[in-house]
Amino acid sequence: MRFIKFLIGVVIFIGLIGFGVYYFGTKILADQVMDKVEVELEASGQMEAIKQEVQNNPEVKKFLEEGKSVDEAKLPFKTKDEAMRVLLKKFSLSELNDIQIKVRSGMTTEEQQQLFADLQSRLTEDEMTALKLLAYKELYE
């Protein structure tokens, strides 16, 4: 009986450690990825190119402007860090890296539509709305 109590205690302890590593690990990873992407975009001047691309593409502009008139209190996340955490849960790091590379090198209209379809298939409507709002704030404010 004593052995079973010890075994249950060890299993619970390992479970708590695993949860802590997962929870804090994804937070640290999300912070690092966001910092890296933000620094790269600002340093290379690509942020201005992205803003210009959005201004020149009426479909993307309309898509992002849908997010400006939503109630932020009802959204699942409100910051870039929280958004990155959600994206890391829904996409693998390699998938996010591939998306970043495609965006950097320029995307055709077909590739943009495929990206939107992938996002919509993996994210809930509220998560998509929250991403639209964050993108709108980043580009227009």
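**Notes on the predicted model**

1. Confidence first: across the protein it is lowest in helix H2 (residues 46-56), with a mean of 69, and highest in H6, at 84. The score is pLDDT, the predictor's confidence in each residue from 0 to 100. The protein's mean is 78, and 88% of its residues reach 70 or more.

2. A word on reading this predicted model: local features need pLDDT of at least 70, side-chain atom pairs count only at pLDDT 80 or more, and totals for chains, interfaces and linings use all residues. Residues are numbered from 1 along each chain as its sequence is written, and side-chain values use heavy atoms, leaving out hydrogens and water.

3. Now have a look at H6. Gln112, Leu115 and Leu119 are buried there (under 20% relative accessible area; exposed is over 50%, partly exposed in between, with a 1.4 Å probe and protein chains only). They lie on the same side of H6 because they cover an arc of only 60° around the axis (taken from the directions from the helix axis to the C-beta atoms). Glu110 and Ser121, on the other side of H6, are exposed.

4. Leu88 sits in helix H4 (residues 80-90). Leu88 counts as buried because its relative accessibility is 15%. In sequence Leu88 and Val33 are 55 residues apart, while their C-alpha atoms are 9.9 Å apart in space.

5. Finally, Leu123. Leaving aside residues up to four places away in sequence, Leu123 touches Val86, Leu87, Lys90, Met128 and Leu131 (contact means heavy atoms within 4.5 Å).

Definitions and conventions. Helix = DSSP H or I, 4+ residues; strand = E, 2+ residues; numbered from the N terminus.
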